Amino acid sequence: MKTRVLIVLGFLGAILAGAVLLMLPVSSPSHTWMKPLDALFTACSAVCITGLTVIDVGVQLSRFGHCVLLALVQLGCVGIMTVGTLFLAMIGRRLSLEGECSLMSTYGFRGVDGWRGLVIWVVLSMAVVEGVATFTFHSLVPDMTWFRAYFYSVMSFCNAGFSLDPGSIAVFQGRPAVLLSMAGFVILGGVGFPVVYNLCTVQFWRRNLVKRGRLTLHTRVVLLSSAIFLAGMFGFFLALEWNRALEPYSLAEKGAIAFFQAVTPRTCGFTVIPVHEMHAATRFVSEVLMFIGAAPGGAGGGIKVTTFVVFLVTLLAICRGRRDTVLFRRSIPDTVVREAIVIVMVFAAVISLAMTVLLVSEGGNEKLTFEYLLFETVSAVTTTGLSCGSTTASLSTTGRFVIMLCMLCGRLGAIGVVMLIGGQEERVSIRYPREDLVIG
């Protein structure tokens, strides 16, 4: 069976198993059965590490339900394929060559000593970061329980966005240190394991360039582009919301909230200020950042920031009449360029198709305007988890299934496209005559 099929089946199996567990009375504080559709939607959102929800997680789930939610988010973050590989490593079995190449391609690791080293690095680094985040949150908020601190550490690093408090994390709007710390862990989870691995393995203190190692092209592109997007969104949010959404807050709180709101569109569903209270231009720019997303090999979604950079540089190269796509004096392979173009087009097509279906299915609901539905669709496809008001809860049954499909396609989309295009090139023995076609 093809690796891509196994990945899809793995995600579907985790979603169904999670839905069954969430439906059980033990998952509810009132010991009642949860509606099957609500449980399925919540499980799908957790496995796809999105954060969209039709229930109040802090109220309608018991401690057991919270633990199920955490497990589903962790599975979705590490990836069903990586978890399966970990079990194979534990029992001493060897992965097929196709599976090993797929695993390396998915996370973008180069220089890791085999797939076992990759899996161990991914799992251990994730555990260490979440442990540090848990201790940090518990220290900054004395009355926060260890479980609540761990819950927010997982949701921050995994970019999931589920919250135990009403209004997402508005409860921390008066604690700049908490917001900045949480934003830092969100960024760390979004830049991806390849970048973290590269930064940890480069020995900056060595003078010998060979022994020191170097920052890969992937790391440089991710760090530079992420810094540009964060700085741009931070300044834009401050300028547009200073006398609007940020007006009641102090100077320190304004800075912390603005920085956090600049981070969260990079596929983390947390929000300090309700999205529907922001300026329409702020929501639009947030949609653009959601579409771009985070970095490959991390917890974020979207088309990935590297995909956007390659797509943009390729367009500039075409406009200048250049044949090659060049980044930092390095030529990008044609296969990578093709993958970037197809990923952008596929994501745009999925958003357009889903939006069309939602406009038909939700046409009778006056609360769900075109802008709100578009924001919800982009948020689902990019697995961000942000929502305008009660849009998610107001969706019809058809609308909820559409959003669930969007989340699943968004989580598997980029990986599937890379696996589909990055395979062995098909040899064509027949060549047809060429003829010009007028375009433009």
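This is a predicted model: local features need pLDDT of at least 70, side-chain atom pairs count only at pLDDT 80 or more; totals for chains, interfaces and linings use all residues.
How much space lies in the second largest pocket? About 660 Å³.

**Stop 1**

Select Thr53, Gly167, Ser168, Ser387 and Gly389, which lie nearest the centre of the second largest pocket. They belong to a lining of 29 residues. By class, that lining holds 13 nonpolar, 14 polar and two charged residues.

**Stop 2: the largest cavity**

Now leave the pocket and turn to the cavities. A search of the whole structure finds three of 30 Å³ or more. A general point on method: rolling a probe the size of a water molecule over the atoms shows where empty space is left.

For the largest cavity, select Asn159, Val186, Ile187, Gly190, Val191, Ser226, Leu230, Val263, Arg266 and Ala294, which form its lining. The space inside is about 90 Å³. Six of the lining residues are nonpolar, three are polar and one is charged.

Which helix gives the most to the lining of the largest cavity? It is α9, with four residues.

**Stop 3: along α9**

Keep α9 selected and hide the rest. The helix has 16 residues. From its first C-alpha to its last, α9 reaches 22 Å, close to the 22 Å expected at 1.5 Å a residue.

Show side chains for Val178, Leu179, Met182, Ala183, Phe185, Val186, Gly189, Gly190 and Val191, the buried residues of α9. An α-helix has 3.6 residues a turn, so residues three or four places apart point the same way. Among the buried residues of α9, Val186, Gly190 and Val191 also line the largest cavity.

Step past the end of the helix to glycine 192, which follows α9 and has a positive phi, near 100°.

**Stop 4: the second largest cavity**

Gly192 is also part of the lining of the second largest cavity. The volume of the second largest cavity is about 50 Å³.

How values were computed:
Residues are numbered from 1 along each chain as its sequence is written. Side-chain values use heavy atoms; hydrogens and water are left out. On a 1 Å grid over the protein atoms alone, a cavity is a set of points where a 1.4 Å probe fits but cannot get out, and a pocket is an open set with protein on both sides within 12 Å along at least five of seven lines; lining residues have an atom within 4 Å of a point. Grid points are joined across faces, edges and corners, and a volume is the space filled by probe spheres set on the points. Helices (H or I, at least four residues) and strands (E, at least two) are DSSP runs, numbered from the N terminus. Ala, Val, Leu, Ile, Met, Phe, Trp, Tyr, Cys and Pro count as nonpolar, Asp, Glu, Lys and Arg as charged, and the others, Gly among them, as polar. The expected span of a helix is 1.5 Å times one less than its number of residues. Buried means under 20% relative accessible area, exposed over 50%, partly exposed in between (1.4 Å probe, protein chains only).
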